[in-house]
Each structure stands twice: as C-alpha cells, then as structure tokens.
Amino acid sequence: MAKPKLPDKNFSWTAKLAYIVGLLVTDGCLSNDGRHIIMRSSEIKLLNTFKKCLNINNKIGKTRNGDIVSYRVQFGDVQFYRWLLKIGLFPTKSYTIGKINIPNKHFRDFLRGHLDGDGNIQSYIDKYNSYRGRNYTANRLFVRFISASKTHINWLYKKIQNIVHIKGALIINKPKKINNVPIWEIKFAKKESIKLLKWIYYRENLPCLKRKRDIAEKSLKIILKEKRRKYTRISN
C-alpha cells in the first residue's frame, strides 16, 4: 500500500528562514527528485550555520576538483521542497531564477544570506593623490551582489532600491570561455554600502558568515573614525 501524500505546508517567515532562503537562492539547489535540498559552500562555518538554522544534523560532505575543495549538505524534506518551489526556487535555477516571494519585513535577512552566498564586501585604503609632498588617502568600501540570472538581479536591485532607498551600479561582466554566460552584478559605493551594511547587520547574534560581518564592522569603524577626525579639523 502506497504511503499517503504529505499535504503542502506553509512555513512561517522568520529571520533564520529568510537567511536560509538567501543562501539557497545563491549557493543552494533543489534536486530533480522532488524532495532533496542541497547547499554548497567552500566554507564549513557557513554550512554549520545553515544546519543550525534548519535544526538538522546531516553530515557535511567534501568534494575535490583538482586543488579546489568544496563542501555540501544534503537533506530531504518534501514539504519544505514544495514550499521553496512556491516562493520562486526550482531545480537548475542558476541562469533563469527570477523574483522570490519574500515579505519586506524579512528582506534584509534574505539579503544577508544572499551576500554570504554569492556576494562580497571589499574594503581598502586608496592612496589616490599626492600634493606638495603630502599623500592623500581615502577609505574605499564596496558591497556587491552577484547572479548569473539577469531577471533575478534586476528584481533584487529594484527591491533594494524600494526598501533601502539607495542606488548602485548594475554591471554585466563579460562571459568566460568556460560556460559563455555573462555574470550580473549590483555594486554599491561607499555611502550606499554604509547604509546597507548597517541595515543588514541590525543586531547581534544574527545568522551570518562571521568573516564577512567582521569585514563590515571593521570597515564601518574605520570610516566613522575618519569622519570624526575630519569633523575635528573643521571645528578647529
């Protein structure tokens, strides 16, 4: 006798769930069997956070492609799989994924997952000029979100504009010979990145990749210190 089909289930949105969806949109995938969900990463710490948010104990697998090592977690959950389909994920999604049906209330948690999965924070000191024997420097800060899907990156950019009220640059990177597919990128400069990072990391003990949060917090402290120094000079 066949087992009865499990009914569809609506999962309640939380900060943890929205973060997990952000990770799955970028570095995760749905198998074609209708039940298994896979999350891949080069960072074990991120996969441990993924497991903790979902309260699963599945083992972390390891794969090697030459000198490149990556890790993965796979688990089966038919109801969660169907719910992910319902909100906009699907198998073989990389180049064709579009919008994700996520409440505005939890968008920043989703965006933090997106950043941890396929984004980056770049911070550096630019020694851009010298005048009369003095070197002038500036602290640069950029936040990027990346996707192989033009539809998805356009949706993500409009969503960020509407909710966070910042503007960035929408960039297309030329196709690589490996797969001949362009990669799309949203790039935010210093002022916009400051606002965005403060909004994403809105309190302590949020699920996130600590390495990236550390970069964000260190960058914000340096920029704040720079602003105070400039204000002191002007006031004097």
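Predicted model: local features only at pLDDT ≥ 70, side-chain atom pairs only at ≥ 80, totals over all residues.
Helix 2 spans residues 44-54. Its buried residues are Leu-46, Leu-47, Thr-49, Phe-50, Lys-51 and Cys-53. Note that Lys-51 is on that list.

Just after the helix, Asn-55 takes a positive phi of about 55°.

Strands of a sheet pair through backbone hydrogen bonds, either parallel or antiparallel.

Work across the sheet from strand 1. Three bridges join strand 1 to strand 2, and the two run antiparallel. Here Gly-28 stands opposite Met-39 in strand 2.

Next come strand 2 and strand 4, paired in the antiparallel sense over six bridges. His-36 stands opposite Gly-76 in strand 4. Strand 4 is also joined to strand 3, by five bridges, and this pair runs antiparallel. Asn-65 faces Ile-68 of strand 4 as its opposite residue. Strand 3 and strand 4 form a hairpin with two residues between them. Gly-66, in the turn, has a positive phi of about 70°.

## Helix 1 against helix 3

Helix 3 covers residues 78-87. The axes of helix 1 and helix 3 come within 12 Å and cross at roughly 75°. An angle of 65 to 115 degrees counts as roughly perpendicular, so helix 1 is roughly perpendicular to helix 3.

The contact involves Leu-17, Val-21 and Leu-24 from helix 1. They meet Phe-80, Trp-83, Leu-84 and Ile-87 from helix 3. By class, the contact residues are seven nonpolar, no polar and no charged.

## Helix 4 against helix 6

Helix 6 covers residues 190-200. Its axis and that of helix 4 come within 9 Å and cross at roughly 110°. Helix 4 and helix 6 are therefore roughly perpendicular to each other.

On the helix 4 side, the contact residues are Phe-107, Arg-108, Leu-111 and Arg-112. On the helix 6 side, they are Leu-196, Trp-199 and Ile-200. This contact divides into five nonpolar, no polar and two charged residues.

## Gly-117 in helix 4

Gly-117 is found in helix 4. Its relative accessibility is 12%, so Gly-117 counts as buried; the cut-off is under 20%.

Gly-117 touches Leu-23, Thr-26 and Asp-27, leaving aside residues up to four places away in sequence. Val-25 is 92 residues from Gly-117 in sequence. In space, the two are 8.3 Å apart, C-alpha to C-alpha.

## The nonpolar core

The largest nonpolar core has 58 residues. Seven of its residues touch the most other members: Val-21, Leu-84, Ile-100, Phe-110, Phe-145, Leu-156 and Leu-196. Helix 1 gives the most to this core, with eight residues.

Val-21 and Leu-84 take part where helix 1 meets helix 3. Leu-196 takes part where helix 4 meets helix 6.

## The whole chain

The secondary structure comes to seven helices and eight strands. The protein has 236 residues, and 42% of them count as buried. Among contacts with a separation of 6 or more, 65% come from residues 24 or more positions apart.

How values were computed. Residues numbered from 1 in each chain as written. Heavy atoms only, no water. Buried < 20%, exposed > 50% of the residue type's maximum accessible area, 1.4 Å probe, protein only. Helix = DSSP H or I, 4+ residues; strand = E, 2+ residues; numbered from the N terminus. Core = buried A, V, L, I, M, F, W, Y, C linked by side-chain atoms within 4.5 Å. Axes fitted to C-alpha atoms, helices over the stretch in contact; angles between N-to-C directions. Parallel < 35°, antiparallel > 145°, perpendicular 65-115°, else oblique. Contact = heavy atoms within 4.5 Å. Nonpolar A, V, L, I, M, F, W, Y, C, P; charged D, E, K, R; others polar. Pairing = 2+ DSSP bridges.
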